Amino acid sequence: MTLLTLIWLPLLAAPLIYLAGRLAGRAREMALLALLAAWVPFGLLVTARGNAAASFTYGAITLQWDGLALLLTLTALGLGTTVTLYSFWQMAAEPGEEKYYAMLTALIGTMIGLGCARDLFNLWLWFEAMAVTSYLLVAFYREQPASLEAGVKYLLQSAAGSVLVLLGIALVLAETGSLDLAPLPPESSFLLRLAGGLFFIGFGVKAALVPLHTWLPDAHAQAPSGISAMLSGVVIMAGLIALLRVLTLLAGDGPIWGWLLLGFAAANITLGNLLALRQTQVKRLLAFSSLAHMGYMLLGLGVAFLLGSRAGAEGSFFHLLSHALLKGAAFLAVGAFLTIFHTFTQDHRPLLISDLAGASHRFPLVALVLSVAVLGLGGLPPLVGFMSKWQILTASFASQNGWIIALVLLAALNSVLSLAYYTPLVNTMYRHKPAAAFAQATALPISMTLPLALLALAILLLGFWPGLVQGIVNNAAGALFP
Amino acid sequence: MPFWLIILTIVLPWSGAIIVWSVGDHRPQIQHRLALLFSGLAGLCALLLIPLTSDAAAIRLPFGAAAFGDLTFIPDSLGVLLAVIATVIGSLTVLFSNGYMQGEKSLGRYYALVLLFIGSMVGLVLSGSLFFLFLFWEMTALCSYALIAFHSDNPQAVRGGMTALLITQLGGVGLLAGVLAIYAWLGSFDIPTFLAEGGSLPGPVLAAVGFTFLLAAATKSAQFPFHTWLPGAMEAPTPVSALIHAATMVNAGVYLLVRFYPALAGIPGWTTAVILIGLITALMGSLMALTTYDLKRTLAYSTISQLGVMVVAVGVGGIFASQFHLASHALFKALLFLGAGAVIHQVGTRDMRQMGGLWRTMPLVANCFVIGAAALAGVPLLNGFWSKELILETALHNGYPWVYLTLVLTAGLTAAYAVRMVWWVFVGWRTEQFQLLDPGFQVAQFKGIGEALDPVTDSPAPATVHSGSPHPSPQFPFHAPLVILALGTLLSWLIAGEMGHWLAQTLPFHNLHVLPTLELVAEITLNEATLLALMVTAAGMVIWWWRGRILWVWYWFRPLRQAARHDFGFTWLNDRIVTDVKGFAAAWQLTQTGQLNWNMAGIVMALLVILLIIFNW
């Protein structure tokens with residue numbers, strides 16, 4: 001029951017939040033309350049791990065709490081709560097604020113459900129529910145043509161992915177007569193392989209595998225900044241986790257799936273970094289960097305699938321957490337600057353790197369958080385991004401396989417390249433002469449700075465003490481590779 | 001006891017960084033004092049470690065996962081020596097900053113980064129784990145970048161910072177690959193384990209480790225062909241140049257080579273590669289130092305050259321000689337940089353042609369600077385003389401006469417640029433008059449060109465590099481570090497024998513060849529090798545005085561001077577690589593049309609490709 005409470009609490013809260021917003025203008029308080037309440041069943045589940053309380057069965061349907069579900073829930077709920085608090089001030093003046101909070105809370109609920117799905121039907125159901133809630137959030141600024149364009153692209157491309165997934169599910173059902181996410185016997189059947197390919201592309205659209213990523217830069221750049229953080233930190237990761245769940249189904253079928261993950265890793269890392277290098281818009285830059293970070297995770301996971309070892313997956317799941325913190329902090333800090341910038345310009349033009357000039361003088365904390373976040377994304381110690389990348393690279397190198405070692409070197413070189421686009425952000429913020437928008441801005445409220453400070457603290461804490469989350473990532477890897 | 005001292009030496013500067021930053025820039029005096037306090041305490045803790053050295057780990061703590069190994073610190077003499085240099089010279093530069101950085105904005109950021117650097121540098125040299133060695137290595141790169149780009153309004157500074165970061169990070173990839181290879185084949189990050197069992201690695205793997213470590217060392221210590229970042233790093237505030245880009249961080253590459261020498265020396269071709277890289281760098285650096293007019297760049301090229309000499313020392317097997325020279329160099333180069341800082345602070349420019357005659361206005365700085373320059377040139381009885389001669393002698397003794405001869409040539413060039421630098425800054429004449437004394441300017445006039453042309457490029461002299469307006473010279477604390485460093489330069493060689501003995505005690509894998517100070521002195525002074533080197537050094541110094549009479553030489557070497565002036569083309573190469581990478585990225589950008597039709601086509605094509613791969617596997 002605890003599990004059911006955890007999943008349904010945000011989902012049931014969503015309409016109530018909408019009503020509270022429409023009737024009493026209290027959507028944000030309600031949303032925060034609902035998300036804080038969701039931490040109670042989460043805490044119970046974490047402590048009661050392994051008990052019967054951690055699963056729910058109704059007829060043929062089973063929802064099961066395991067390490068991977070814990071990881072996804074922790075990321076979604078953690079970042080979601082932070083984003084909700086952060087949005088208090090930023091979204092206050094927006095028309096449709098209550099829809100924002102309702103959809104955000106529902107989005108979190110669907111991702112928790114996705115993490116617990118144990119059969120293909122549920123997996124697809126929660127995956128679609130997640131997509132539907134996020135479409136509306138991406139196109140939240142419905143008066144803006146660019147925002148609508150981003151929403152339409154996201155909707156259509158995701159829909160194409162969903163069709164492929166559905167086709168894949170049909171093939172699996174036709175071949176095995178079952179929708180269970182239990183490993184299939186290791187024999188290569190034509191239909192199952194075809195299904196695997198369809199899953200790869202279908203979920204790959206959401207997980208932003210290159211070249212399926214084309215919806216992502218627009219969506220990340222046009223969504224409200226809190227949603228950009230959620231998209232980059234959790235939603236694309238939910239796509240990845242869905243893909244991993246179905247791949248365990250087929251894992252017995254030789255090394256092909258591992259090599260495919262590695263192939264996409266190379267594409268994501270290289271293209272993500274090269275495209276980010278050319279960006280002058282801050283949010284698009286961060287969006288492309290998400291591609292690269294997805295690539296680092298694919299590297300560790302590919303090695304794990306190839307060798308059947310946990311180590312690579314542990315590194316990747318650590319990086320999933322670390323990326324959520326880093327990219328969350330980056331998008332939220334940029335969002336704070338963007339709000340100030342838009343208040344100044346009175347329009348919706350994108351924030352350029354040069355617009356950040358001198359931001360550190362008026363907003364030292366936000367500038368420090370953004371610096372910490374992007375330097376962490378660039379993999380510099382003592383920040384968490386360094387530790388998680390290291391864990392991925394160590395596990396991959398340990399394979400002693402020439403191709404994988406070449407890929408590790410490619411990843412490391414790209415990590416260096418990424419500094420070439422992260423550091424200008426930092427340098428610009430620490431100029432002495434502030435840009436006009438920042439010269440006369442008023443101070444930010446604590447509801448906005450507190451989430452930023454908390455994320456930065458977590459980035460530093462895990463950078464110094466990566467052992468804190470090793471239990472969580474071990475269990476998550478254990479869920480895939482028992 | 002060593003446990004807590006090591007913890008304190010690292011954690012004190014780090015906590016100082018946080019505290020100084022939180023004090024806020026509206027209370028600069030408190031920031032100055034706190035920074036001094038924390039760096040001074042760290043220096044004290046490092047000094048207390050000297051009698052407590054040991055080759056066993058003083059700290060070994062689990063760090064959460066196998067991928068990170070244990071957090072291990074070993075207070076052996078090699079590490080403690082460099083930790084002492086980092087913290088003591090660190091506190092001296094902080095003391096100097098108390099005067100130099102008066103009235104600067106963002107002091108909190110400045111001191112926080114300096115203190116963060118000091119702690120990281122200590123961690124780097126004391127680490128007993130390859131993983132933490134890499135971690136601290138990267139942290140020093142981060143601090144170095146942030147301090148070079150400290151004046152973020154100056155595009156040169158930002159560019160210098162990014163160049164430094166990217167090049168040292170490229171070397172970081174080398175270190176990463178080496179460390180990961182050791183871990184993949186040996187299953188441990190423990191440094192003593194690698195030193196003991198490195199020979200059991202498969203030959204190609206060990207060779208890969210050796211050469212990736214060499215790549216890392218070459219980038220960090222600004223060796224050929226990766227030296228280009230160090231001159232650009234001179235945009236950092238001068239105390240930072242003294243600390244990071246002369247006395248400590250740039251030594252990390254030499255440290256890496258020395259630390260792993262016992263395991264890597266046996267790799268075929270490795271020592272030859274080390275010697276060649278060091279020699280080319282030493283020679284190139286001294287030529288470039290001879291052709292620049294920027295005081296700080298002269299010192300930067302000089303650092304490049306001297307680091308090359310240390311790398312050569314490692315290559316020819318002179319481990320003790322390299323560390324002796326490293327310590328000497330740290331003292332006299334920090335002295336030279338701080339002296340240069342005092343000069344630049346006073347006159348408000350870095351162009352040596354706009355200085356001159358400063359001996360009269362700032363005699364104390366001039367005297368200290370001359371001591372440093374004399375040590376750099378290898379004038380007898382100063383620390384630089386003994387350590388350099390020891391390297392020369394080791395090269396000859398270990399059977400590398402060609403290395404010896406090239407180093408002697410470098411020594412001559414070094415003496416020439418040291419004299420040139422002192423002459424222009426402290427003796428010569430200011431701007432207009434002294435054009436007559438510079439052969440280059442005479443050349444320009446012989447050719448009948450009216451305006452003052454750059455003697456090497458025949459282009460107008462570059463616009464003055466201003467480092468702010470002239471300041472009144474602050475008094476005491478400001479000059480105390482100069483005096484202390486000058487005394488060190490004069491006297492530190494007296495304990496060379498003891499230092500060697502102390503080093504040999506806790507380095508079980510290195511087999512150091514050390515002598516008591518007296519025997520060392522006798523061995524060096526009674527050697528013909530020293531005599532030749534001294535003669536060439538003297539010739540180098542004299543050449544500067546006769547430069548008017550040997551104009552024809554100036555003409556002869558015109559192409560060489562041109563090349564040296566242009567950094568032998570390496571800056572061009574760097575720019576070229578940057579342009580090409582950007583062009584490559586721009587080409588890929590064309591594939592991102594942003595049109596839904598093409599996006600969908602991408603999905604369909606990816607599906608087809610995947611299916612092709614799957615069914616042809």
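These notebook entries record what I looked up in a predicted model of chains A and B.

**Entry 1. Conventions.** I number residues from 1 along each chain as its sequence is written, and chains are lettered from A, with ligands numbered from 1, in the order in which they are written. Because the model is predicted, local features need pLDDT of at least 70 and side-chain atom pairs count only at pLDDT 80 or more, while totals for chains, interfaces and linings use all residues; side-chain values use heavy atoms, with hydrogens and water left out.

**Entry 2. Domains of chain B.** I noted two domains in chain B, domain 1 at 2-565 and domain 2 at 573-615; the bounds come from an automatic or database domain assignment. Taken over C-alpha atoms, the centres of domain 1 and domain 2 of chain B are 44 Å apart.

**Entry 3. Interface of chain B and chain A.** I looked up the contacts (heavy atoms within 4.5 Å) and found 58 residues of chain B touching 68 residues of chain A. The two chains bury about 5800 Å² between them, 79% of it on carbon and sulfur atoms. Buried area here is the accessible area (1.4 Å probe) that two parts lose on being put together, summed over both. In chain B, the residues that lose the most area to chain A are B:Ile603, B:Ile614 and B:Trp617, together 10% of what that side buries.

I then listed the elements that give two or more residues to the side of chain B that touches chain A: α1 (2-23), α5 (130-148), α6 (155-186), α27 (570-589) and α28 (596-615) of chain B. Helices (H or I, at least four residues) and strands (E, at least two) are DSSP runs, numbered from the N terminus. α6(B) gives the most to this side, with 15 residues. By class, the residues of this side are 44 nonpolar, 9 polar and 5 charged. In this division Ala, Val, Leu, Ile, Met, Phe, Trp, Tyr, Cys and Pro count as nonpolar, Asp, Glu, Lys and Arg as charged, and the others, Gly among them, as polar.

**Entry 4. Salt bridges.** I applied the rule of a side-chain nitrogen of Lys or Arg within 4 Å of a carboxyl oxygen of Asp or Glu. The structure holds 16 salt bridges over all chains, and the rule finds 0 across the interface of chain B and chain A.

A:Asp66 is in the loop between β2 (61-64) and α3 (67-90) of chain A and A:Arg245 in helix α9 (residues 225-250), so the pair links distant parts of the chain, 179 residues apart. For accessibility, buried means under 20% relative accessible area, exposed over 50%, and partly exposed in between (1.4 Å probe, protein chains only). A:Asp66 counts as buried at 14%, and A:Arg245 is buried at 4%.

B:Glu235 lies in the loop between α9 (229-232) and α10 (238-247) and B:Arg350 in the loop between α14 (319-347) and α15 (358-361) of chain B, so the pair ties together parts 115 residues apart in sequence. B:Glu235 is buried at 14%, as is B:Arg350 at 3%.
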